[in-house]
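Reader: I'm new to this one. Could you take me through a single part of it up close, and then show me where that part sits?

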Amino acid sequence: MTTFLQQLFNAVALGGVYALVALGLTLVYGVMRVPNFAHGGLYMLGAYLTYASLTGLGIGYVPALILAAIGVALLAALMERVIFYPLRDAPHVSPMIAAIGVLFFLEAAVQLIWGPDFKQIPAPINGIVEIGGVIVTWQRLIIIAASVVVVVALNYFLKRTLTGATIEAMSQNREGARLVGINTNRVGALTFAISGLLAAAAAALIAPTLLVSPSMGEVMNLKVFAIIILGGMGSVPGAIVGAFLLSFAETFGGAYISLDFADVIGFAMLVLVLAIRPQGLFKRGT
Amino acid sequence: MKGWMWWVAVFALAALVPLFGPSGYVLDIGVNIMIYAILAYGLNVLLGYTGQLPLAHAGFFGIGAYATGILTLKLGWSFWLAWPVAVAISALAGLLLGLVAFRTKGDTFAIFTLGVGVIIMLVINKWDALTGGNDGLNGIMPPAGLEALSKSVGLKLSGGFYYLALISLALTVIAVARARGSVFGRSLIAIRGGDDLARSAGIDVYSHKLRAMMLSTAIAGFAGGLYATYLGFLGSAATGPIQTFTILLYLLVGGLGTLAGPLLGPALMYTLAQNLKGLQDYQYIVFGPLLVLLIMFAPQGIAGLWMRLTARRTPPPAAPPTQKEASRAGS
């Protein structure tokens with residue numbers, strides 16, 4: 001039972017991180033109809049900017065997280081302006097391929113600057129807490145708390161503010177959004193910035209629990225794509241549910257079936273779901 | 001000069017190369033370029049003609065390569081028997097993927113196949129008993145009789161491999177050119193224009209996509225078999241998404257949807273990559289932005305630029321515009 005609760009905590013923390021990364025991806029897809037393969041690269045860059053801020057500037061963990069998030073957000077917005085906006089009318093494979101180019105560029109650039117070795121980011125609060133016999137690291141608690149805060153804030157932003165509503169409007173209907181006077185250009189860049197922000201924050205949160213490497217974005221990329229397909233491309237609640245489905249399947253599959261195939265379980269689940277429901281679990285009305 | 005005469009000229013020139021006694025290095029680059037070119041032809045069938053982005057392509061390359069390796073090493077089959085069987089296995093695997101994957105469309109299809117590509121690589125990497133796992137498969141023999149045959153005409157084994165690759169490439173080009181020119185090929189182009197458009201012209205979209213997938217994966221397996229016997233060693237890294245993206249880059253540089261592109265791209269990019277060896281892992285500092293610039297400003301690659309140049313000098317043959325072009329011209 002203790003093992004089970006232990007795994008439960010791990011799964012929830014992992015799911016929170018997956019949710020943050022997947023939310024950015026699904027927002028961009030909803031607004032721009034671009035499957036942004038460079039998203040994992042933004043996530044990876046977020047981890048490295050956090051590392052650089054911590055070691056280079058010598059600032060604390062929270063300012064480093066914020067700095068990394070802002071940096072990646074700006075870069076993502078720039079990416080939208082320079083690459084994806086001009087490609088908006090191109091055949092749908094073009095932006096996908098361009099995004100792959102960006103992903104490889106980011107990976108190579110990070111490797112050039114910081115080297116291919118693993119980097120370690122120290123946890124802001126070391127040590128563990130015991131909750132009802134279950135031992136949890138502080139970092140996992142921070143991840144869970146922070147991801148809940150961010151998701152709630154994002155939800156508030158999308159549902160309760162005018163700027164947020166423009167994003168939702170545009171993902172529901174582009175022409176309609178333009179008709180009611182929404183500046184769809186600005187929304188595109190804004191959405192990319194938010195997705196970069198979320199990815200970098202997620203990376204900064206999870207980085208202390210793992211090793212940072214230039215290729216860390218690739219695996220995450222595949223997983224968040226699996227998540228948003230599971231949840232239905234462009235769906236916000238779908239991304240959150242998909243994230244926890246994947247993290248639970250991985251954590252418990254890894255613990256009770258085989259650690260070797262923990263990474264495969266997610267994809268196997270994806271293939272299975274798509275074989276039965278090609279439109280994903282949460283089909284949005286279009 | 002007619003199109004096919006260019007091809008005969010190119011292949012005749014390429015066939016002369018080993019006769020000048022080049023170094024093993026030059027021949028090695030030649031064989032690698034041809035293997036990549038064959039692989040790119042396979043990708044072109046689905047991406048260039050049919051307009052679908054399959055990101056599991058290197059997985060089928062791997063299936064072909066490992067099937068060849070396993071059949072020759074563990075079952076002791078002759079390479080000449082194992083190779084066609086490996087091609088058939090790849091095509092069959094492609095059919096199985098297509099049956100499920102073509103229920104999805106566009107972006108979802110690309111991401112779905114990417115997931116499958118990862119699964120194929122992970123399974124190859126973890127299934128120690130069959131594939132050797134992380135250690136890979138070692139000691140795959142060159143095709144029986146190839147060395148003796150090369151010796152009898154005064155060549156080394158590397159020269160023999162060069163001709164084997166050249167013949168394989170020629171077969172691939174002929175097969176793809178014939179497929180492209182047939183009703184089947186034109187139906188694929190129609191599907192590229194849009195599923196509904198093709199359906200309205202009476203094309204069974206699903207079955208045509210399946211057949212395109214089988215052709216594409218069969219070609220990938222064909223390249224894989226050649227790769228296995230040439231290298232003699234197989235590792236799972238060559239079967240993953242990175243490999244798929246590399247082929248994608250080669251194909252884009254050469255020219256998507258053209259017959260010359262899948263050959264031009266690897267020839268240029270592989271040579272370039274060899275000369276950028278000093279950069280090793282950093283080559284994507286250059287290649288990444290290149291991929292972006294190409295897709296933005298020259299989506300048809302070198303072959304497309306060439307056609308645009310020659311089109312100004314000679315009036316183009318009357319080709320009916322696709323629906324997209326027609327509507328763009330109209331608006």
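Author: Helices here are DSSP runs of H or I with at least four residues, strands are E runs of at least two, and both are numbered from the N terminus.

Who does the touching? Helix 8 of chain B brings Phe161(B), Ala165(B), Ser168(B), Thr172(B) and Ala179(B), while helix 11 of chain B brings Leu215(B), Ile219(B), Phe222(B), Leu226(B) and Tyr230(B). Contact means C-beta atoms, placed from the backbone, within 7 Å. By class, the residues of this contact are 8 nonpolar, 2 polar and no charged.

This is a predicted model, where local features need pLDDT of at least 70 and side-chain atom pairs 80 or more, though totals for chains, interfaces and linings use all residues. Residues count from 1 along each chain as written, with chains lettered from A and ligands numbered from 1 in written order.

Zooming out, chain B has 16 helices and 2 strands, and its C-alpha trace spans about 60 × 45 × 40 Å along its principal axes. Chain B also meets a partner: 33 of its residues are in contact with 37 residues of chain A. Helix 5 of chain B gives the most to that side, with 13 residues.

Methods
Two residues are in contact if their C-beta atoms, placed from the backbone, lie within 7 Å. Ala, Val, Leu, Ile, Met, Phe, Trp, Tyr, Cys and Pro count as nonpolar, Asp, Glu, Lys and Arg as charged, and the others, Gly among them, as polar.
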